[in-house]
Amino acid sequence: MLRSCSKFAFSRLNRVFSTLPQTSEALSAALNFNLSEDQRQLQDVARKFSREEIVPVAAEYDRTMEVLNELLMVTA
């Protein structure tokens, strides 16, 4: 029973993998990891917030192991 199940699973995996692009160029064309303009803007806002609000107080939070409600309220 186990042998027939593993043969079935292997044949299914083989069929799935045979449909995937075989070269890195084909894979790159199939997958697009570029951010949209909206996503880039959101990323910029998150980086700016982190740089201006979190980095200046991070060492103190790490030292005291507390999270100030003020920072949490700003993120809401």
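Start by selecting Glu53, which sits in helix 3. Helices here are DSSP runs of H or I with at least four residues, strands are runs of E with at least two, and both are numbered from the N terminus.

A quick word on what you're looking at. This is a predicted model, so local features need pLDDT of at least 70 and side-chain atom pairs count only at pLDDT 80 or more, while totals for chains, interfaces and linings use all residues. Residues are numbered from 1 along each chain as its sequence is written, and side-chain values use heavy atoms, leaving out hydrogens and water.

Next, zoom out to the whole protein. You'll find four helices and zero strands, giving the pattern α-α-α-α along the sequence. Of the 76 residues, 3% are buried.

The protein's mean is 76, and 62% of its residues reach 70 or more. Which element has the lowest mean pLDDT? Select residues 24-30: that's helix 2, at 64, whereas helix 3 has the highest, at 90. Where pLDDT is low, the predicted coordinates should not be read in detail.

Back to helix 3, residues 37-64. How many salt bridges does a search of the whole structure find? It finds two, where a salt bridge is a side-chain nitrogen of Lys or Arg within 4 Å of a carboxyl oxygen of Asp or Glu.

For one of them, select Arg40 and Glu37, whose side chains meet at 3.2 Å, N to O. They're three residues apart in helix 3, about one turn of the helix. Arg40 is partly exposed at 37% relative accessible area, and Glu37 is partly exposed at 46%.

Then select Arg63 and Glu60, where the salt bridge spans 2.8 Å, N to O. This pair is also in helix 3, three residues and about one helical turn apart. Arg63 counts as exposed, at 60% relative accessibility, while Glu60 is partly exposed at 38%.

Technical notes
Buried < 20%, exposed > 50% of the residue type's maximum accessible area, 1.4 Å probe, protein only. pLDDT = per-residue confidence, 0-100.
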